[in-house]
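Welcome! Let's walk through a structure together, one question at a time.

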Amino acid sequence: MRSLPLLSLQARGHELASPAAQLRALARTGTPSFDEVLERHGRPPLEARAIEVLQVNVGKLCNQTCAHCHVDAGPDRREVMSRETAEQVVELLRRHPEILTLDLTGGAPELNAQFRHLVDEASALGRHVIDRCNLSVLLLPSQRDLVGFLRDRRVEITASLPSFRAAGTDAQRGDGVFAKSREALRLLNEAGYGRGEGLVLNLVHNPVGAFLPGDQSSLERDYRRELQLRHGIVFDRLYTITNMPISRFLEHVERTGNLHRYMELLVSAFNPRAADGVMCRTYLSVGWDGTLYDCDFNQMLEMPTNHGAPQTLSALLAAGRALPRRVVTDRHCFGCTAGAGSSCGGAVAE
Amino acid sequence: MAETYYCPHDLPRFGEMGKERPELWAKFLDYYNAVFADGALTAREKALIALGVAHAVQCPYCIDAYTQASLQNGADREQMTEAVHVACAIRGGASLVHGVQMRNVAEKVGM
């Protein structure tokens, strides 16, 4: 358990704050090329076939500094989406009714000045909106009305809770975070979330260490029973998400001497069925500055869409389409294809 | 020959035990996998039981494997430590309860 607040890699001036340094560190492990392994399993290169979900990362500002954060988010980060870029997001949704869901992430997306505008506009366009919430943000004095705002617009909440116990949650997300998360979950339950009445509250489990997540349905049973029994908390679904070997989790596994073993684990657990269902096939990721990516992980590695696809919101609005789109890959992609697979919606090959 | 009886690299070689009598190995694996499937107990609960038993039978391979399985299935160190104490209590209690046998013999033949 850590007692001091962690600083972002950028604030520490750490070498791994650089995406290029992260990719070099992964290459040094001797991990094979992701596309080679796909081919070895008789799979063609990954291709996006649709954009069902527009995942918008509104910036890196966060009120927490979690040890595994793939964004290197924190209170010191200043990258935030402008109103102009947010308007381009809304325009994209307006022109593309086939994009059914707006998935807002960060950082703590709620801290961005454009968050509520994006929720309102997307809701007005009839789109389903997901808020990837760190829970503690709901307790900030500046966000006292946030639960009501989200409830009134029936925003789906996907909230991080790596363990139903304090030790695991605090080890990954900071001292005292479990207690805050529990209070926030109670507020959400009181507002009607997680009760099976249409206000959806999903929880996210990330392993608290250098191993793959356990079976999603089994963990969900444990979470459901323990949270109900000990804290009176209810929720809809639990998603298991593998820790991606980039940014702060990469720094953690490298510092603790686990990097090679972790990469070997991801590669040895490669599951072709998980590769068939990875989220980049149906997602498009938008950065705080309007740059387009195949996923939020590629965004943090500064690997924009490529292979002829538009690379910015402006270019996409001008071109009109971004499909079919070959996905840009590197060694971190093994994080989404190991075991039961991993996506923003949890396991993909249960 | 290895210089020590126990070697971490031997754990991933467990499957070699299927080489001579694959049908017995297959039966064992079928049973093993069925035991650890989610049932009335969750995977986390079964991993914690296995961790306690691993300490009771003092198998370093099982301790390694089920420490990782417990973590993977959402257990934390406090729960895992309690599981080891359960194993310890049962082992200690098993020794102590045999003291009754000692007392029976002593009462029969002693004065």
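Q: In this predicted model, which helix joins β6(A) and β7(A) in a right-handed β-α-β unit?
A: Strand β6 of chain A covers residues 201–205 and strand β7 of chain A covers residues 237–240, and the two pair in the parallel sense over four bridges. Together with one helix, residues 216–231 of chain A, these strands make a right-handed β-α-β unit. That helix is α9.

Q: Is strand β4 of chain A largely enclosed or largely open?
A: Strand β4(A) runs over residues 128–133. Five of its six residues are buried, so the rest of the structure leaves β4(A) largely enclosed.

Q: Which residue in β4(A) is the bridge partner of L102(A)?
A: Strand β3(A), residues 101–105, also pairs with β4(A) in the parallel sense, over four bridges. With helix α5(A), residues 115–124, these two strands make a right-handed β-α-β unit. In β4(A), the partner of L102(A) is V129(A).

Q: Which residues have the most contacts inside the largest nonpolar core?
A: In soluble globular proteins, nonpolar side chains tend to be buried together. Here the largest such core has 99 residues. Beyond its neighbours within four places in sequence, L118(A) is in contact with V56(A), A86(A), V89(A), V90(A), L102(A) and L104(A). The two residues with the most contacts inside the core are L54(A) and L118(A).

Q: How many residues are in the second, separate core?
A: Now we turn to a core that includes L51(B), Y66(B), A69(B) and A75(B). This second core is separate, and its residue count is ten.

Q: Which element gives the most to the side of chain B that touches chain A?
A: Twelve residues of chain B are in contact with 17 residues of chain A. The elements of chain B giving two or more residues to this side are α2 (43–56), α3 (60–72) and α4 (77–97). By class, the side has two nonpolar, five polar and five charged residues. With three residues, the element that gives the most is α3(B).

How values were computed
Residues numbered from 1 in each chain as written. Chains lettered and ligands numbered in written order. Predicted model: local features only at pLDDT ≥ 70, side-chain atom pairs only at ≥ 80, totals over all residues. Contact = placed C-beta atoms within 7 Å. Nonpolar A, V, L, I, M, F, W, Y, C, P; charged D, E, K, R; others polar. Core = buried A, V, L, I, M, F, W, Y, C linked by C-beta atoms within 7 Å. Buried ≥ 20, exposed ≤ 12 C-beta atoms within 10 Å, placed from the backbone. Pairing = 2+ DSSP bridges. Right-handed = clockwise from strand over helix to strand, strands pointing away.
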